[in-house]
Amino acid sequence: MSPASASGMSTLKPLITICGTTGVGKSKLAIELALKLAQGTHPWKGARIINADSMQVYTGMDVITNKVPVAERMGVEHLLMDFKQPGEQYVVGQWVQDAIKAIDETHRMDKIPIIVGGTSYWIQHLIFPNRLPTPAQSLSDSVAQSIANLPPELLELFNALPEHPPSAASHPQDAMLLHKLLTALDEPVAQRWHWRDTRKVIGSLRVIKDTGKAPSEIIIEQSKIALIPRYRTLCFWLYAELSILNERLDMRVDDMIKEGLMDEIKELRAIASFPACSSPDAVVTELSDESAVQQTDYTVGIYQSIGYKEFHDYLASSEPSEKLFASAVEKMKYGTRQYAKRQIRWLKNKLLPAIYSTNSGRDHAAALLPVYLLDATELGDQWTSRVLNQGEHIMDAFLGNETLVDPLSLSERAREMLTIDVKPTSPTEVLRARKKVVCSACTLDPSQPFMVEDGPQWEAHRHSRTHRRHAARDKKMHGQPVNRRTTVHSDISSKVDAEDQQDQHRSIV
């Protein structure tokens, strides 16, 4: 970042963000910090909390989305919560614009905006502008040429992409065709997605349709734009050791059931069965389980909430049993634990590298975006000393433009979690990351190739018992091992020459 940009940071208005996994206490900390600011120890007259949880934007459904009850908000105003109807799409670009308006309004009130939520993807795009693809009026030369070369079947599919990602389990041919289309239009990005991951595949295809550019082109373009924050931002990462957090998450699911989770799920199923009844004033008189199955898209709106689809078999059964109920509860607990792991991976692999890149080697005292991990593994008195007191001290120093404490000095967990491997930032390396390859030996059905991530995962697979058994079978059948490692859709001529990959990536621009 240029000196001019760095000096400009001092003129940016302050923002506080609180990230972390589900169930770690983010909202509790936000309310406590807001109450501290309301005491008037700074020129600021208090704080407002701006929701950054993609599920809590929806009206009602307070249990399944884990909203803080109004009585526990201690009079602190919460924004961007309870204002969208279940099933309504609300995406990152819309939230960022709404959040900016709420932040500006909060600053005009001489209050501090505190962004809180587990949707770190949203928070990252709020902090860093110009990272979301924008609509274009025309196609790039590369995309135009690729579309012109599409066979009729793929061209027809591109012109009429399915509204919702097909299930690779029930419609593998549709999933493979979508992946084949993406390979023809943007092979470097297609190689990053498993053909079964239809949501990512169709998401990349929609980027092409909406922007007129291949995602790989956008990656290259964005790599040339410096990460300059929108606000002077203090980032808190509230963290709890997973072994401890998992126990809390399991107990929270049990509590949610006691608090009325099943009633909310039934209400959502009713809304899914009768879309016309999505109005809050509508009255649902009867629920058709078959209709709910046919119309519900688990990737849209509040239907993505963990708990909704997990209880489907139980509620759809003509004879719901205790066994089905127990299975649904366990699925919900497992899904919640896995979600927490994914949230941690995003913070370590996406948000932290972006923040560190912005800070570009500066020490903590000169960091443009200071980030602190607060250890919420233990509650009670430990919460007060390790979370609240430390958070208040850091917040006071940040708002008072005082020297900030070293983030790595707060705790051993902070040192461990905030220390990350340097991630490659060149477009070539980014596009090579997570590349998938096909294991020919383990592909039992050529129409459904067995894919695995290149690198450590491939090596682990290659030494697995299953792979060795399939490889031995092939050697016995063919007299020698088959080519075990290939790329998918070999019928499509490769756009990426293995000996000149970097130049090819450059030629896409």
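**View 1. Strand β2 is covered on both faces.** Welcome to β2, where Ala-47, Ile-49 and Asn-51 on one side and Arg-48 and Ile-50 on the other are all buried (under 20% relative accessible area, with exposed over 50% and partly exposed in between; 1.4 Å probe, protein chains only). Strands (E, at least two residues) and helices (H or I, at least four) are DSSP runs, numbered from the N terminus. This is a predicted model: local features need pLDDT of at least 70, side-chain atom pairs count only at pLDDT 80 or more, and totals for chains, interfaces and linings use all residues. Residues are numbered from 1 along each chain as its sequence is written, and side-chain values use heavy atoms, leaving out hydrogens and water.

View 2. Pairing here takes at least two DSSP bridges between two strands. With β4 (residues 112-116), β2 pairs in the parallel sense over 5 bridges; here Ala-47 stands opposite Ile-112. Strand β3 (residues 78-79) also runs parallel to β2, joined by 2 bridges, and Leu-79 in β3 stands opposite Ile-50.

**View 3. His-107 sits in helix α3.** This helix covers residues 92-108. His-107 counts as buried because its relative accessibility is 4%. Not counting residues up to four places away in sequence, His-107 touches Lys-13, Pro-14, Trp-44, Pro-113 and Tyr-231 (contact means heavy atoms within 4.5 Å).

**View 4. Trp-95 meets residues beyond its sequence neighbours.** Leaving aside neighbours within four places in sequence, the contacts of Trp-95 include Asn-51, Leu-80, Ile-115 and Leu-126.
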